[in-house]
Amino acid sequence: MLVLIRGAGDLATGIALRLHRARIPLMMTDLPHPTAIRRTVAFSEAIVHGETRVEGVTARRAETVEEARRILAGGAIPVLPDPEGHCRTLLKPEAVVDAILAKRNLGTRITDAPVVIGVGPGFTAGVDCHAVVETMRGHTLGRVIYEGAALPNTGVPGLIGGFSGERVLRAPAEGVFHPLLAIGDQVREGEVAATVEGVPMTCTLTGVLRGILAEGTLVHKGMKAGDIDPRCKAEHCCTASDKALAVGGGVLEALLALGDFGKETDVWRKTK
């Protein structure tokens, strides 16, 4: 079974870690110029640097499907700069997971593969995918929905350490992003974390800078550009979040429930 994951940000990376450790072959796609905030735990960084590692798992940039197959055969995760997912027609994956997290469907169809899974709001099981995995923090996080849609996007980040919207840093203007601090830095409320065309982006609370856009990223005013973790544990910056792993577990469940994993799986199903 080959799984194609659309998106390679931190949540998609949590999904990839779960599948990779379950020995499910996978490939990923993302933008040619990724905009992940939590770059230390995003396989999209392989597109930028050629190679990256998250929790001991290596991802490498691939320019073609043939190169992606070689990378996969070598034990790493291939990441292609292919936001439209054109590689799908050549790969013919058994499953497609849309983890772009655009809060809306950007083109994934239920006919794209034998198993199609949508991650988060914007998808409806039975309409544009076979299953949806909930991304809203709370009681239903990571649950698989086989009929209906995920909870609608509220625009309010989930609580971490007692803080919600305050955790998110947003670009103060349109233009080129210049970070002044690095992921893992301890920050204080009011400290300048970055500038955009000379306009400062200040920290909204005290904690650890868990994510920030890369130097030179083109941003628009109000765009998410940073993330502060009030729990003040720098080691959290280098590992997938609880949310990413919970969502990854949901995707793994959906694949096992809907996919064809051979005779052993069929026997298991018949005993249930």
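A nonpolar core is a set of buried Ala, Val, Leu, Ile, Met, Phe, Trp, Tyr and Cys residues joined through side-chain atoms within 4.5 Å. Buried here means under 20% relative accessible area, exposed means over 50%, and partly exposed covers what lies in between, with a 1.4 Å probe and protein chains only. With that in hand, the largest nonpolar core of this protein has 38 residues, and those with the most contacts inside it are Ile 5, Leu 19, Met 28 and Phe 43. Helix H5, residues 242-258, gives the most to this core, with 7 residues. A second, separate core of 23 residues includes Met 201, Cys 203, Val 208 and Val 219.

A word on the source: this is a predicted model, where local features need pLDDT of at least 70 and side-chain atom pairs count only at pLDDT 80 or more, while totals for chains, interfaces and linings use all residues. Residues are numbered from 1 along each chain as its sequence is written, and side-chain values use heavy atoms, with hydrogens and water left out.

## The whole protein

The secondary structure comes to 6 helices and 19 strands; these are DSSP runs numbered from the N terminus, helices being H or I with at least four residues and strands being E with at least two. The C-alpha trace spans about 60 × 40 × 30 Å along its principal axes. For 272 residues, a compact globule would have a radius of gyration near 19 Å, and the protein agrees because its own value is 19 Å. That radius is taken over C-alpha atoms, and the globule rule is 2.2 Å times the number of residues to the power 0.38.

Of the 272 residues, 48% are buried. The protein exposes about 12,600 Å², and carbon and sulfur atoms supply 54% of this area; accessible areas come from the Shrake-Rupley method with a 1.4 Å probe, and for residues only the protein chains shown count as cover. Contact means heavy atoms within 4.5 Å. Among contacts between residues at least 6 apart in sequence, 52% join residues at least 24 apart.

As for charge, the mean positions of the 31 positive and 31 negative charges are 4 Å apart. Lys and Arg count as positive and Asp and Glu as negative, with His and the chain ends not counted; the place of a charge is NZ of Lys, CZ of Arg, CG of Asp or CD of Glu.

Let us go back to Ile 5, one of the residues with the most contacts inside the largest core. Leaving out residues up to four places away in sequence, Ile 5 touches Ala 12, Ile 15, Ala 16, Leu 19, Leu 26, Met 27, Met 28, Thr 29, Val 97 and Ala 99.

Val 41 sits in the loop between strand S2 (26-30) and helix H2 (45-49). Its relative accessible area is 2%, so Val 41 is buried. Beyond residues up to four places away in sequence, Val 41 touches Gly 9, Asp 10, Thr 13, Val 54, Cys 237, Cys 238, Thr 239 and Ala 240.

Arg 60 belongs to strand S4, residues 57-61, and counts as partly exposed because its relative accessibility is 32%. Residues up to four places away in sequence aside, Arg 60 touches Ala 46, Gly 50, Glu 51, Ile 71, Ala 76, Ile 77, Pro 78 and Val 79.

Gly 148 is in strand S11, residues 148-149. At 27% relative accessibility, Gly 148 counts as partly exposed. Apart from neighbours within four places in sequence, Gly 148 is in contact with Phe 123, Thr 124, Ala 125 and Val 132.

Here are some C-alpha separations to check in the viewer.

| Residue pair | Apart along the chain | C-alpha separation |
|---|---|---|
| Arg 60 and Met 223 | 163 residues | 28 Å |
| Gly 148 and Val 127 | 21 residues | 8.6 Å |
| Arg 137 and Leu 209 | 72 residues | 20 Å |
| Val 41 and Asp 82 | 41 residues | 20 Å |

## Loop residues

Arg 137, from the table, is found in the loop between strand S9 (131-133) and strand S10 (144-145). Its relative accessibility is 24%, so Arg 137 counts as partly exposed.

Now for two backbone details. Leu 101 is not a glycine, yet has a positive phi of about 60°. Leu 101 lies in the loop between strand S6 (95-98) and strand S7 (115-119), and is partly exposed at 29% relative accessibility. Glu 197, not a glycine either, has a positive phi of about 55°. The loop that holds Glu 197 runs between strand S15 (192-196) and strand S16 (199-202), and Glu 197 counts as exposed at 52% relative accessibility.
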